[in-house]
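Morning, everyone. One structure today, and I'll keep it quick. Have a look at the screen.

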Amino acid sequence: MSQIQVEHLVKEYKRKKNPEGLIASAKSMFRPEIETMQAVDNVNFAIEKGEAVGYVGPNGSGKSTTIKMLCGILKPTTGSVRVNGLDPFHDRMKNNKNIGVVFGNRSVLWWDVPVIESFRLFQTLYEIPEKRFKENLEKFTEIMDIAPLLSVPERQLSLGQKMRCNIAAAFLHDPQIVYLDEPTIGLDTESKASIRRCISKINEEEKTTFIITSHDFQDIESLCRRIILINHGKIVLDDNMQSVKQKFNQKKQIQFEMEQNPWHNGEEFICQGVRVMGTTSHSLKLEYDLEQTDSMKIMTAVAKGSEIQDVNISGRDIEEIIRDIIRKDNHIKRSSDVM
Amino acid sequence: MRRLLFYVRLWKGYMRIGFLILTQYPADTVIWIISMLLREASGFLGVVTIAAVAGGLGNWSIYEICLMFSLCAIVEAIGQAFFDNAWGIGHQVRMGRLDVMLVRPASPFIQLLGECFHFQALISMMVYVGLLVFSVLKMNLHVSGGMLLFLAEFLVCGTMINSGLYVIFNSLNFWLVQGNDIAVFVQTCREFAKYPLSVFPLLFRQFFTFVLPFGFVGYYPAAYLAGKMGASIVWQMPMAALCVGGIAFTMWHLGVGSYNSTGT
């Protein structure tokens, strides 16, 4: 059986409708109109031990709600979640011993006391034996590079340092699963890169299962091998990162800089599987289908007509691919709503 | 038993952090003590002044009133020292901070209380204990072992009733999101408990006995010590404490069960 098993998971929120107008508002105080919202709508997936999974989706797509149900913070409306065979909501205490959670937007450390004091309290909280605690403390202070920060109160740390301490805190009790909710939110690129390096190192060394939510696709791309995409509470995509790129990256763009563009204001550049995106007197931008042609063929064709000075080929990155999938999904949903 | 030891260790850990925080801000500590003494004293001075001019309230002498006030204030000080974060429930719910407590392997209620200590309150408590001793001496009461036992019983039950009521009404924040107003209203009602309830109409007395049993944190035990009441209080007080404690426990658990987190 998989380590995390999610079946037909549904979470509904009841929300009071906020009517327009004062009189209607006053009425709604006594007899509110309730509308139900499906934050998570029949979600299924299974995650094996040691996997690193990116759980992504736009704002309000239900990703935080799913993560909260996986950690046992929220009770599913229907469906089931099994983590190591336990129901995280009902066996919360037992489950909590095996998981670590990193909240990108809130710190779990004590604001006014040195970081090491917070770590010591975690030792008591998770009942970590002294020997194990010392080993882990040493290991993770080294990986996260926080040794000089341990004696500093959290309020004097920068956001990046705070995050590194929070991540180290989540690993002190040897969790089997770690949930990282937006671990790099609000950080500069350098801090983001260093946090990513640290997390992938831990994943390699400890074989900890990771579930990461983030809006930063570089996080997902550098940390995860599998991606689950959720939109409007439904899973739209659950696949290996590599195959997503191949499957959805059939089109690439190629741009030429040249002495003189013979296809500008003249006859059109024609080649099988190629579409002209734009021309100026010195440049030509094309999009081509990888299944029908390749860059060498196009370059030869272009070189026949003019002298090439520079070439630039670009594929779509994972962020663009995901944006495209979501746009299509939203479109399908909207048109089916109309029908 | 193992679980109990775990919570004792955990509580000690939280107290350690609480104490470290206290030492970080010495000026804040002093200001806090003064403001809390003033808050408790302001209501009290009014009563004492009236009593001093009129030579007592009803059949209560000024020293008996002092005794009642000191009992009331000691219990509040204990609550402030160890259970003050009951007043933080609303904040924790609104900020979604409860999420953090719910993913740890310990009771979220203990974690909530452990987040915030006001050890300063123990210093202001010394002032009230002084007042208690002073009034007992002035009333020429015979200090016996039984009396000390009763005071110990009162400390436990009184704290449970006082802080329990705060937990009950602050737990409303789980459903109301803006439920603090009701809890503040309850605390304002508590001001009445600083008067001898016998001077109020019967309806008031019943309200402070059966609905908001603040009568047990000052009036009833003081009346018993002053010999104005029979010994039935000795078993009535734990009954009231168990009721309040039970309701507080239920309210908190229902609240956590219906907790919906925030949209982050």
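Ground rules. This is a predicted model, where local features need pLDDT of at least 70, side-chain atom pairs count only at pLDDT 80 or more, and totals for chains, interfaces and linings use all residues. Residues are numbered from 1 along each chain as its sequence is written, while chains are lettered from A and ligands numbered from 1 in the order in which they are written.

Domains. Chain A splits into domain 1 (4-246) and domain 2 (250-314); such bounds come from an automatic or database domain assignment. Taken over C-alpha atoms, the centres of these two domains of chain A are 45 Å apart.

Now the sheet. In chain A, 3 strands form an open sheet in the order β2-β1-β4, with antiparallel pairing. Strands here are DSSP runs of E, at least two residues, and helices are runs of H or I, at least four, numbered from the N terminus. Pairing takes at least two DSSP bridges between two strands. What stands at the edges? β2 (34-47) and β4 (78-83) of chain A do, each with a single partner strand, so one side of each has no neighbour in the sheet. β1 (residues 4-16) of chain A is joined to β4(A) by 5 bridges. One residue pair to look at: A:Ile4 has A:Val83 in β4(A) as its bridge partner.

Last, the contact. Chain A puts in 25 residues and chain B 18 residues. Contact means C-beta atoms, placed from the backbone, within 7 Å. On the chain A side, α2 (63-71), α3 (92-97), β5 (99-103) and α4 (115-125) each supply at least two residues.

That's it from me. Thanks.

Note on methods: Contact = placed C-beta atoms within 7 Å.
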